[in-house]
Amino acid sequence: MASDPAELSRWAEQLDQIEAAFADDFGDYEASGSKSLARFVVSLYTRLTDTLRLISRELHKADTEKENTLFDRGVGMLKRFYDYIRENSEYLITDRKFLYKLRDSVLDLAGQPWISFRIDIRNHIRKMNVLTGDLEPPVQSAWDGDDLIYHKRFQRVYEKFIGLDEAARNTDEDCWRLMFRSQQCLIEAFGGLRIPLAVIKLQAYDLFDEKKRPTYIDFSCTSDEFLYGHLGRPGVLDLREKLGGPINEDQKATMERAKRPESHSLPQRRRPASPSRAEPPAQKRARTDPGYKMTMEDVDADIRDIYSDAVFMNIHERPSLDTLVTPTTENRAETLASYQDELTKRIRLYRRLYFSPEFPPRAQALRDELLHQMDEEIPLLRAEAKAASASKASAKLKEARLAVYALKFLRTLHMHLLLSSTPRVPDERLRQALIDRLSDWILYEQVWNAADAKARAATRTTTAKKTWFGGFINARNTNIEKWTDLQTQMRDAPFAAQEEEVEEEVVQAEEEEEVEEEPQQQPEQPKKTKESPFRIVTRLRGVYLLPRKPGRTVYYNERLELQHEDRRRALAKERALGPPLGGGSWVNETQWKWENERNDRIVKNFAKRGPPDFDQLSDETVFDRLVYMIVITHWRYVQGMELISTKAV
């Protein structure tokens, strides 16, 4: 049934008014009651998205030709708004409220379900996000002297965050929910300060490495370490500097001294090295000569590079090229944005089928089994990519790009397992893996070139666009030629193991060098447990938790209900089939025991509510309140690090 004629007329009138404003170049903003042209533009943009939302509710009905016509007309205006804001941005951002009001409107639009109706709406949102990010002033603009500028919106978020302290902490589910709500408050807080992108700077902190995590997580706020850092670990002043706050010269000098071991004010007693390990362990490295070599840091850089293409785990920035051993050519942002959903699906698929690189398998038997499976999967992916890239159809070329992206990720996981194997794999196998990796990287560049070559050859492609495509193609051809030569050198050169470059990586905590301090000054660290099947190490910095799907359970404690269900099913299975061969039980008691113990550990950690003396943290200034939110949120992340492996992306 078609919409009410009065509603159709009202929607058409709204669009006519916006059209008239464009025709008048938004010159009648005073007559509309707006205080400035910038706010008039935002109000009309919001009115347009609201009108589209109302129209979209009717599109599922029959006989909606008029509604579709109005919807298409409104979607066309989105591009006009983008073009107008981009061309007049210099003037518009002089209104201090323009940018954050526009960003709120874009965020509201991005959360609407009807944006999936048209791909050009999603492209508009992506472009508007990029535009607002480019227009965002530097973080220094959020400061007024020694403090951040006060905003009521930030204060409301801060009060909401304080209210989270009363949240339940009875189960691991409660703790994860508290971590997620803390994260959302922190993101809203930066938005309230009108520097929303500054929250990304917090990802520079490696929260899960005890030797790198910020000192405010486990040192008292009354200590110098909390403020200045300790043995290379950053403190609150480092955080202040990252957020654009002023730091005087004395503070900088003290921070620099805190980075050096000799800055430690307490006497250090080091355990003597054993005779068999007089030197600190070098990192495990695969090397060939001639050729190239890789370390675990190189693998981690590859993973971050792959994640950044899909904006996976909220990783936007590609690693610097000097951290990548064989960097592939950076692809067009528009193409990656349109592929983002498919790229993310591929990452999640292989993380589920094999392992998450942030939490790799610890048992060598499992590593060997996964390597065997990957050795069978990689040739299939290569064949899929080559077959699809041979076609001229756009859909096939897209399949080929997705296949080589998955191949790149799978090969990186493969290298991760090889380099972490104990005992280490034979040198010749490592060398062959490096050669095969080059083949995959070459194929990756070739497939992306095939699609760009088709786009460049299209009759409608302008000369400027052809030159633009040619730049990508030439850069990839340079990589292909270089890597092909490198492969030839590695294949032709006689193999000689470089044993002095390959050392066992020590993973066990008892084999690492220890630094003992006075008991009263030793910061409290989360305990490592042998029962955990995860290696609690996250080399990829930053945490971004995704909300869980609602309605998964109606029970107070889902974990206990699942255990109860598992036991009832096992009992029914035993009655029907008898006990499993070789004895034992159909119930996975080992898993349930570990989950129960994990729950007890996490609940016990969260019961402390914060780091030492957290209740003495100052709240006098805006920056003090932001620090409180960051300290408590990061502390909660560290206490719940075991949950992040199972609840995160």
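Visitor: Leaving aside neighbours within four places in sequence, which residues is Phe190 in contact with?

Guide: Phe190 is in contact with Ile195, Pro196, Ala198, Val199, Leu202, Leu243, Leu626 and Ile630. Contact means heavy atoms within 4.5 Å. A word on the source: this is a predicted model, where local features need pLDDT of at least 70 and side-chain atom pairs count only at pLDDT 80 or more, while totals for chains, interfaces and linings use all residues. Residues are numbered from 1 along each chain as its sequence is written, and side-chain values use heavy atoms, with hydrogens and water left out.

Visitor: Where does Phe190 lie, and is Phe190 buried or exposed?

Guide: Phe190 lies in helix H8. Helices (H or I, at least four residues) and strands (E, at least two) are DSSP runs, numbered from the N terminus. Phe190 has 0% relative accessibility and counts as buried. Buried means under 20% relative accessible area, exposed means over 50%, and partly exposed is in between, with a 1.4 Å probe and protein chains only.

Visitor: Which core includes Phe190?

Guide: Let me start with the largest core. The largest nonpolar core has 55 residues, and those with the most contacts inside it are Tyr307, Ile347 and Tyr350. A nonpolar core is a set of buried Ala, Val, Leu, Ile, Met, Phe, Trp, Tyr and Cys residues joined through side-chain atoms within 4.5 Å. The elements that give two or more residues to this core are H12, helix H13 (333–353), helix H14 (364–389), H15, helix H16 (427–457) and helix H17 (463–492). Phe190 belongs to a second, separate core of 53 residues, which also includes Ile195, Met629 and Val638.

Visitor: How many aromatic pairs does the structure hold?

Guide: The structure holds 21 aromatic pairs. Rings of Phe, Tyr and Trp (its six-membered ring) pair if their centres lie within 6.5 Å; planes under 30 degrees apart count as stacked, over 60 as edge-to-face and the rest as tilted. One of the pairs is Phe22 with Phe26, which is edge-to-face, at 5.0 Å centre to centre and with 65 degrees between the planes. Another is Tyr307 with Phe409, a tilted pair at 6.1 Å centre to centre, with 45 degrees between the planes.

Visitor: What does the pair of Tyr307 and Phe409 tie together?

Guide: Tyr307 lies in helix H12 (residues 296–310) and Phe409 in helix H15 (residues 394–420), so the pair ties together parts that are 102 residues apart in sequence. Tyr307 is buried, and Phe409 is buried too.

Visitor: Which residues do ring pairs link into a cluster?

Guide: The cluster linked by ring pairs is made up of Phe22, Phe26, Phe40, Tyr45, Phe81 and Tyr84. Within that list, Phe22 and Phe26 are both buried.

Visitor: Which ring does the charged end of Arg240 sit over?

Guide: The charged end of Arg240 sits over the ring of Phe623, 5.0 Å from its centre. A charge sits over a ring if NZ of Lys or CZ of Arg is within 6 Å of the ring centre and within 35 degrees of the ring normal.

Visitor: New topic, the backbone. Which residues does a cis peptide bond join?

Guide: Thr422 and Pro423 are joined by a cis peptide bond, with omega about 0 degrees. Pro423 lies in the loop between H15 and H16. Most residues other than glycine have a negative phi, and most peptide bonds are trans.

Visitor: What is phi of Val311 near?

Guide: Phi of Val311 is near 50 degrees, a positive value in a residue other than glycine. Val311 has its place in the loop between H12 and H13, and it is partly exposed, with a relative accessible area of 27%. Arg194 also has a positive phi, near 65 degrees, and its place is in the loop between helix H8 (172–192) and helix H9 (224–228).

Visitor: Last one. How many helices and strands are there?

Guide: The protein has 21 helices and six strands. Buried residues make up 48% of its 649 residues.
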